[in-house]
Amino acid sequence: MTITYIKSGKPEAERAEDDAKVRKIVENTLADIADRGDAAVRDLSEKFDKYSPSSFRLTQSEIDAAMSKVTTRDMEDIKFAQTQIRRFAQAQRASMTDIEVETMPGVVLGHKNIPVQSVGCYVPGGKFPMVASAHMSVLTANVAGVPRIVASAPPQNGEPHPAIVAAMHMGGAHEIYVLGGMQAVGAMALGTETIDPVHMIVGPGNAFVAEAKRQLFGRVGIDLFAGPTETMVIADETVDAELCATDLLGQAEHGYNSPAVLLTNSEKLARETLSEIDRILDILPTAETARTSWEDYGEVILCDTYEEMLAVADAIASEHVQVMTDRDDWFLENMTCYGALFLGPRTNVANGDKVIGTNHTLPTKKAGRYTGGLWVGKFLKTHSYQKVLSDEAATLVGEYGSRLCMLEGFVGHAEQCNIRVRRYGGKNVAYGTAAE
């Protein structure tokens, strides 16, 4: 068994240095927002976005004005995408039911799925305005029944991005702000004089947004820890190099640090894909970004067997995993660590990102080992409850509870059980002792 790296990316140590620099900047920024509120947010907006309106929150007339700039074709495309995403989210929500069961006579246990009461949805702008992220966060929160949905995105050329505003509004946002980056995340999570804080922050973003969410986790909930976009192509000789290279570079263009990995058992396909990547980079309009990502973070890994490919894929736990082999369903059945799978040559990550209906906010940096991506269930909290309906049940459960509490040394706990054994069972249990 042999695993060969035909091309390797930037060493982990260098990536850690970059993370440390971002961490310090975000820590100072969040402290400034917590201390100075709106003034800090305005300073940051002026510094990074050259944008300082009278109010960062859009009025209904401003929302209408922005939406009027969206072409009919673009509006229809947004509606189509939102229809697909809503249908899948509604099906997911329908799969989550409240339960109530009588586990023994007189003892009723249950749980309720309750929406998070307020959510801040961040939609990235920057070089690529992520219209689709508004669908994925705002619309999904709406299907979950979140009663207050706050959405924020940076300005584009000094004004709100029309299509992003349209997607937010049509998705069900109750408040829309034109704020970008870590200042938007900080303002929504911490609150300012004019922005009430939310209970949860969701949505993708650059390294500073991801780090802000990491530092704010605990004070607020988050969807997941997310870093730069990652993609992996698992392929054998059933597909060609052009398809593999296109799928790798299609995600490498996201940013300068977007890992893209080809995992294959064909050295011929590996070599041809490297050549095809060089060819496409000479004609791709976004090649400046994609080339840097590929040079610094791209990898080509050659394995002997499909079992080795599976093991390497689960160890990397990539965000997007494009599987194009003679056994795609075998990977579906056996892979355990990833963000989302895209099975077969007719499927691609771009459709998943934009329109097909699944959510594109997915775990990165190996987080797929312990969590899935954003979905309607992330906006729901499952809360349990208990009811004891009979004296007999209160006595029986109380006797067991009393003894188990005393086993652990919790006398006060035991007395919670004992008082009910005395009152509802008529039994004489000495104070501070275990029930018989």
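This is a predicted model: local features need pLDDT of at least 70, side-chain atom pairs count only at pLDDT 80 or more; totals for chains, interfaces and linings use all residues.
**Stop one: helix H15**

Select residues 391-407, helix H15. Its 17 residues should span 24 Å at 1.5 Å a residue, and the end C-alpha atoms are 24 Å apart, so expectation and model agree. Now colour the buried residues of H15: Ala393, Ala394, Thr395, Gly398, Glu399, Gly401, Ser402 and Cys405. Show what they pack against: strand E3 (107-115), strand E14 (380-388) and helix H16 (411-425). Then step past the end of the helix to Gly409, which follows H15 and has a positive phi, near 85°.

**Stop two: the five-stranded sheet**

Move to the open sheet of 5 strands. Read across it in the order E6-E5-E4-E7-E8; the pairing is parallel. Which strands stand at the edges? They are E6 (175-178) and E8 (221-222); each has a single partner strand, so one side of each lacks a neighbour in the sheet. Zoom in on E5, residues 149-153, which runs parallel to E6 and is joined to it by 4 bridges. Pick Val150 there: its bridge partner in E6 is Glu175.

**Stop three: Gln84**

Finish in helix H4, residues 72-95, and select Gln84. Is Gln84 buried or exposed? It is buried, because its relative accessible area of 17% is under the 20% cut-off. Follow the side chain of Gln84 to the backbone oxygen of Phe80, 3.1 Å away. Beyond residues up to four places away in sequence, Gln84 touches Val355, Ile356 and Gly357.

Terms used. Residues are numbered from 1 along each chain as its sequence is written. Side-chain values use heavy atoms; hydrogens and water are left out. Helices (H or I, at least four residues) and strands (E, at least two) are DSSP runs, numbered from the N terminus. The expected span of a helix is 1.5 Å times one less than its number of residues. Buried means under 20% relative accessible area, exposed over 50%, partly exposed in between (1.4 Å probe, protein chains only). Contact means heavy atoms within 4.5 Å. Two strands pair if DSSP finds at least two bridges between them. A polar contact is a pair of N or O atoms within 3.5 Å; within protein, one must be able to donate a hydrogen and the other to accept it, and residues adjacent in sequence count only if both atoms are side-chain atoms.
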